[in-house]
Amino acid sequence: MPIDPAKAVAAEPRSAEISWDHKDVQLYHLGLGAGSPATDPDELRYTLESRLHVLPSFATVAGAGMGVVGGLSAPGIDIDLTAVLHGGQSITLHRPVPAGGRAVSTSRVAAVYDKGKAAVLVLRSEASDADGPLWTSDAQIFVRGEGGWGGDRGPSERLALPDREPDKTVERPVREDQALLYRLSGDWNPLHADPEFAALAGFDRPILHGLCTYGMTLKAVVDTVLGGDVGRVRSYRTRFAGIVFPGETLRIRMWADEGRVQVTVTAVERDDAPVLADTLVAHS
């Protein structure tokens with residue numbers, strides 16, 4: 001079997017030094033659609049270096065997101081990358097992400113689950129700087145055709161929707177060029193830029209990065225429910241339930257309760273096709 005679960009989980013973590021500055025943060029925010037209207041004080045918090053705060057989902061691209069890359073090349077893993085799907089993402093914040101800094105990112109395979117027709121790799125990346133831990137990021141990676149060995153199926157993290165109308169609903173347009181800008185933060189997969197490559201993958205045009213949708217959604221929650229205060233976010237998780245094409249519109253529904261916001265995201269133009277599900281932002 002191309003995946004040896006015991007060997008993968010037992011492998012020594014891989015560490016690398018990462019760094020970022022305000023330009024990396026600003027580029028990431030612009031890739032999420034920040035900066036419109038350009039002179040809006042609420043948007044300048046994402047785009048102007050003198051007022052800059054950092055959306056916590058920046059952790060997924062800090063240092064070009066080496067945690068996932070390192071995990072897929074770990075001992076015990078020899079897989080066909082065309083069988084790989086990014087199934088979910090979570091981040092736990094230990095303190096606010098600074099607008100610039102250096103850190104050590106340590107990556108490992110935290111778990112391997114058997115879903116029958118697929119295996120799920122939990123690739124964990126932990127970042128710390130001189131002052132201590134910054135964040136822990138988990139990517140759930142589905143590998144089609146690699147399940148069925150009788151292993152642990154893993155936890156179920158499905159969330160039932162609240163029995164009421166959303167407290168907030170907003171719509172966020174995805175620009176036609178948004179994937180081209182977002183990929184400059186480090187994800188160079190041609191699926192998001194090259195129509196010929198997208199056709200080989202079964203799409204009639206390039207699709208938006210799932211982690212771009214992930215960041216756009218967190219920004220909407222911060223701006224709409226958390227008063228624009230990124231420091232209130234404690235953790236954020238989602239399951240990728242569908243694709244987004246540049247030029248579409250995201251409909252983001254939010255249910256706010258004490259200390260948490262539950263979210264669903266759909267594509268407006270495709271009859272509210274699911275995009276993100278089982279999405280939860282925990283906050284102070």
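I began with Y28 and Y182 and noted that both are buried, a term I use for under 20% relative accessible area, with exposed being over 50% and partly exposed in between (1.4 Å probe, protein chains only). I kept in mind that this is a predicted model, in which local features need pLDDT of at least 70, side-chain atom pairs count only at pLDDT 80 or more, and totals for chains, interfaces and linings use all residues. Residues are numbered from 1 along each chain as its sequence is written, and side-chain values use heavy atoms, with hydrogens and water left out.

I then looked up the aromatic pairs, of which the structure holds 6; rings of Phe, Tyr and Trp (its six-membered ring) pair if their centres lie within 6.5 Å, and planes under 30 degrees apart count as stacked, over 60 as edge-to-face and the rest as tilted. For Y28 and F58 I found ring centres 5.7 Å apart and planes at 70 degrees, so this pair is edge-to-face. Y28 lies in helix α2 (residues 22-31), whereas F58 lies in the loop between α3 (41-47) and α4 (66-72), 30 residues apart; helices (H or I, at least four residues) are DSSP runs, numbered from the N terminus. Y28 has a relative accessible area of 0%, and F58, at 2%, also counts as buried.

I next checked Y28 with Y182, a tilted pair at 6.1 Å centre to centre with 55 degrees between the planes. Y182 belongs to helix α5 (residues 178-182) and Y28 to α2, so the pair ties together parts 154 residues apart in sequence. I recorded W20, Y28, F58, W135 and Y182 as one aromatic cluster.

Methods. Helices (H or I, at least four residues) and strands (E, at least two) are DSSP runs, numbered from the N terminus.
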